[in-house]
Amino acid sequence: MYFRIKVSNLPDVSGITTFLLDEDNFANAAYKVIEQIGTTADIEEIKWMKNFKPAINEKYDPNNKLYIIKIAEDMNIEGKIKTVKYELPVFANDSNELNKIVNDYISQGLQNMRLTTISETKWIYI
């Protein structure tokens with residue numbers, strides 16, 4: 001399960017920093033962030049990202065950016081077309097790498113799906 005945690009009052013950082021974690025539960029996610037940032041910062045929000053599906057790939061480079069993409073599938077349910085969207089984290093250094101990673105992912109038996117949204121985040125994955 002993915003959790004998004006927003007933190008303020010980090011040393012040498014102005015504003016809010018957002019972390020994304022893949023943890024079993026809320027408590028483990030909060031503990032992992034506290035281990036990373038210490039106890040002097042303030043946790044502003046913890047949100048379970050229940051719509052996120054497993055990441056397409058693992059972080060493979062320290063320079064990777066975290067992207068959130070949506071892929072969509074049109075399904076015929078009782079004669080009506082319904083579009084189902086899936087949100088997935090993806091790690092890449094730039095948009096060119098991202099497009100190659102997503103195209104490779106879709107080509108592995110998901111040809112009935114299409115990429116609909118790409119969001120580059122400034123989130124930190126831990």
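In which sense do S1 and strand S3 (residues 42-48) pair, and over how many bridges? They pair in the antiparallel sense, over 6 bridges. Two strands count as paired here if DSSP finds at least two bridges between them, and the elements themselves are DSSP runs numbered from the N terminus: helices (H or I) of at least four residues, strands (E) of at least two.

Before going on, some housekeeping. This is a predicted model, where local features need pLDDT of at least 70 and side-chain atom pairs count only at pLDDT 80 or more, while totals for chains, interfaces and linings use all residues. Residues are numbered from 1 along each chain as its sequence is written, and side-chain values use heavy atoms, with hydrogens and water left out.

**The sheet around S1**

S3 belongs to an open sheet of 4 strands in the order S3-S1-S2-S7, with mixed pairing. S3 and S7 sit at the edges with a single partner strand each, so one side of each has no neighbour in the sheet.

| Strand pair | Sense | Bridges | Residues facing each other |
|---|---|---|---|
| S1 and S2 (residues 17-22) | antiparallel | 6 bridges | Phe-3 and Leu-21 |
| S1 and S3 (residues 42-48) | antiparallel | 6 bridges | Arg-4 and Lys-47 |

S1 (residues 2-8) is largely enclosed by the rest of the structure, because 6 of its 7 residues are buried. Buried means under 20% relative accessible area, exposed over 50%, and partly exposed in between (1.4 Å probe, protein chains only). Helix H1 (residues 26-37) lies across S1, S2 and S3, at about 40° to S1; that angle is taken between N-to-C directions, from 0 to 180 degrees, using lines fitted to C-alpha atoms, for helices over the stretch in contact.

**An aromatic pair**

Rings of Phe, Tyr and Trp (its six-membered ring) pair if their centres lie within 6.5 Å; planes under 30 degrees apart are stacked, over 60 edge-to-face, the rest tilted. That rule gives 2 aromatic pairs. One of them is edge-to-face, because the rings of Phe-91 and Tyr-125 have centres 5.0 Å apart and planes at 70°. Phe-91 is in strand S5 and Tyr-125 in strand S7 (residues 124-125), 34 residues apart. Phe-91 is buried at 4% relative accessible area, whereas Tyr-125 is partly exposed at 25%.

**Thr-83**

Thr-83 also falls in strand S5 (residues 80-92) and is partly exposed, at 38% relative accessibility. Leaving aside neighbours within four places in sequence, its contacts (heavy atoms within 4.5 Å) are Ala-72, Glu-73, Asp-74 and Arg-114. The side chains of Thr-83 and Asp-74 make a polar contact of 2.7 Å.

Technical notes. A polar contact is a pair of N or O atoms within 3.5 Å; within protein, one must be able to donate a hydrogen and the other to accept it, and residues adjacent in sequence count only if both atoms are side-chain atoms.
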